[in-house]
Amino acid sequence: MTQTTIAGHPVDVDPEGFLTDPGAWDRDIAAEIARDNGIPELTERHWQVVDFMRERYLRDGAAPSIRTLGKASGVPVKELYQLFPKGPAKLAAKIGGIPKPRGCI
Amino acid sequence: MSSRVVILGGGTGGTLAANRLHRALGDAIDVTVVDQDDRHVYQPGLLFVPFGLADPDHIVRSRSAQLASGIHMVLADVERVELEQRSVILAGGAALPYDVLVIATGARLQPEETEGMLGDAWNEHVFTFYDLEGATALRDALAAFEGGRLLVNVVDMPIKCPVAPLEFCFLADWFLRERGVRERTEITLATPLDGAFTKPLASQALGGLLTEKGIALEAEFATGRVEAGEGRIVSWDERELPFDLLVAIPAHGGAAYVERSAGLGDELGFVPCDPHTLQARAASNVFVLGDAANIPTSKAGSVSHFEGETIVENVRRMLAGEELRPSFDGHANCFIETGFGRALLIDFNYENEPLAGRFPEPHLGPLPLLRESRMNHMAKLMFEWAYWHVLLPGRELPGISNEMQTAGRHAPES
């Protein structure tokens, strides 16, 4: 765990840049993480996914999988990959300030 | 009057819970188990069927025969659960009222969730060994396999027995060597995980074994569709992997009735519950056991066994109006066949990832953890007897506690 500054806030992150405390997150932090990961601007569709991820994590203690995102976030899987290239679940979790999804066990 | 306990599912979890509850609470409860058929498959045996190491007929027994006398069995499909009415509605409309409900209907394979998986090639070039029919068809295909690209693909998590795809790769390597066609075969494991397994140290150890055996790993591969005609799978981000023979582990969901039961399950049909008391989030008189639960532990028979004690204690407390005991720690214990008569053993829970050490006795063992040994393989084979005669009757395995032990555990020497 290391401390860094994102959008002017001192925050703790893991070696891959995931926030370790979801409570330290705000929307400015989200926007800066997004920019650092190749998403210049978070659109309404991005937010729909990021907010859903956070909500679920805070409720269940685990981040939803891609399949759950596709079924329940209101954004189909194909579009998820357009919005968050490479790995939507991972990138949306990072932007949403929650720990890296572990794919359960 | 005795309390009515209805258990949905007569598999590993439902059977051991029924037998334990019946023994512990006797005449105070009336136990009914519901399942759609009377065929109890010893699921760990499915891994061995494709390699001719287990006879499909020998790993299936009657479900009702595993239940102690005095337990009722109803053979029927479940239409839905009505939480408010405390009633299970069976197909055809009959109602089965309950005071306490235990959900143990496991996980269901959903090959139809992946575009192109079911089609002409299903059980021809595209197989799964996760059910008896598929494992048997795959046995015939592997016996006739003359080399080419063997692709093992985990479509999505969660799956039952997350180590089974690895074991399949290890056993395929052994089997094809024995048959003399390994040199003409490329084996690849494609997984949505970022490594061989979910837990870091075990993932390293198992990844090392894959490399040693010349098995390629395609990590972070999220399967979008199967193009069976072209012989390839394509990920959502348009990576392509070719195959001559595809062994797919399809996406899993919960039982179909869960989706028809208002407020009970999540989007995938699994049932959210407290990870320590196993009480369903949806209703205080509903408990969840085994693969059906949405909790962060493995979907594995050992987990159902370790949950058994917690279920019995908490059903008793619920009926007595006492506070529940949060005793389940996420304990899982899995043998991992590595081929050539050897196996690895891992032991872990919510808090502790699999480490090296000895099991079940710290320092003494006799079984080594996170290391290949012949004795682990023998123990895995002997486990089948224990499954039918100790686990399902709801007895404790001698020397093996439900809570995970941490004494003598350490990171493996690399």
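Helices (H or I, at least four residues) and strands (E, at least two) are DSSP runs, numbered from the N terminus. With that settled, here's a look around the two chains.

This is a predicted model, where local features need pLDDT of at least 70, side-chain atom pairs count only at pLDDT 80 or more, and totals for chains, interfaces and linings use all residues. Residues are numbered from 1 along each chain as its sequence is written, chains are lettered from A and ligands numbered from 1 in the order in which they are written, and side-chain values use heavy atoms, with hydrogens and water left out.

**Chain A**

Chain A has 5 helices and 2 strands, and from the N terminus they come in the order β-β-α-α-α-α-α. Its radius of gyration is 13 Å, which agrees with the value near 13 Å for a compact globule of 105 residues. (That radius is taken over C-alpha atoms, and the globule rule is 2.2 Å times the number of residues to the power 0.38.) Along the principal axes, the C-alpha atoms of chain A fill a box of roughly 35 × 30 × 20 Å.

How much of chain A is buried? Of its 105 residues, 45% count that way, where buried means under 20% relative accessible area, exposed over 50%, and partly exposed in between (1.4 Å probe, protein chains only). As for contacts, meaning heavy atoms within 4.5 Å, take the pairs in chain A at least 6 apart in sequence: 50% of these join residues at least 24 apart. Chain A exposes about 5,100 Å², with carbon and sulfur atoms supplying 51% of it; accessible areas come from the Shrake-Rupley method with a 1.4 Å probe, and for residues only the protein chains shown count as cover.

**Where the chains meet**

Chain B brings 24 residues to the contact and chain A brings 16 residues. Together they bury about 1,900 Å², 51% of it on carbon and sulfur atoms; buried area here is the accessible area (1.4 Å probe) that two parts lose on being put together, summed over both. There are 7 salt bridges between chain B and chain A, each a side-chain nitrogen of Lys or Arg within 4 Å of a carboxyl oxygen of Asp or Glu. A:Lys78 also forms a salt bridge with B:Glu238, and the closest N and O atoms are 3.0 Å apart.

**Spots in chain B**

One runs from B:Met157 to B:Pro158, with omega near 0°, and B:Pro158 lies in the loop between strand 12 (148-154) and helix 3 (164-178). The other joins B:Phe359 and B:Pro360 with omega about -5°, and B:Pro360 sits in strand 25 (residues 357-361).

B:Ser327 is in the loop between helix 6 (301-320) and strand 23 (332-339) of chain B. Buried or exposed? B:Ser327 counts as buried, at 18% relative accessibility. Leaving aside residues up to four places away in sequence, B:Ser327 touches B:His276, B:Thr310 and B:Glu403.

Finally, B:Leu381 belongs to helix 7 (residues 374-391) of chain B and is partly exposed, with a relative accessible area of 43%. B:Leu381 forms a nonpolar surface patch with B:Met378 and B:Met382, about 300 Å² of accessible area together. Patches are made of residues with over 30% relative accessible area and no salt bridge: like charges are joined within 9 Å, nonpolar side chains (Val, Leu, Ile, Met, Phe, Trp, Tyr) within 5 Å.
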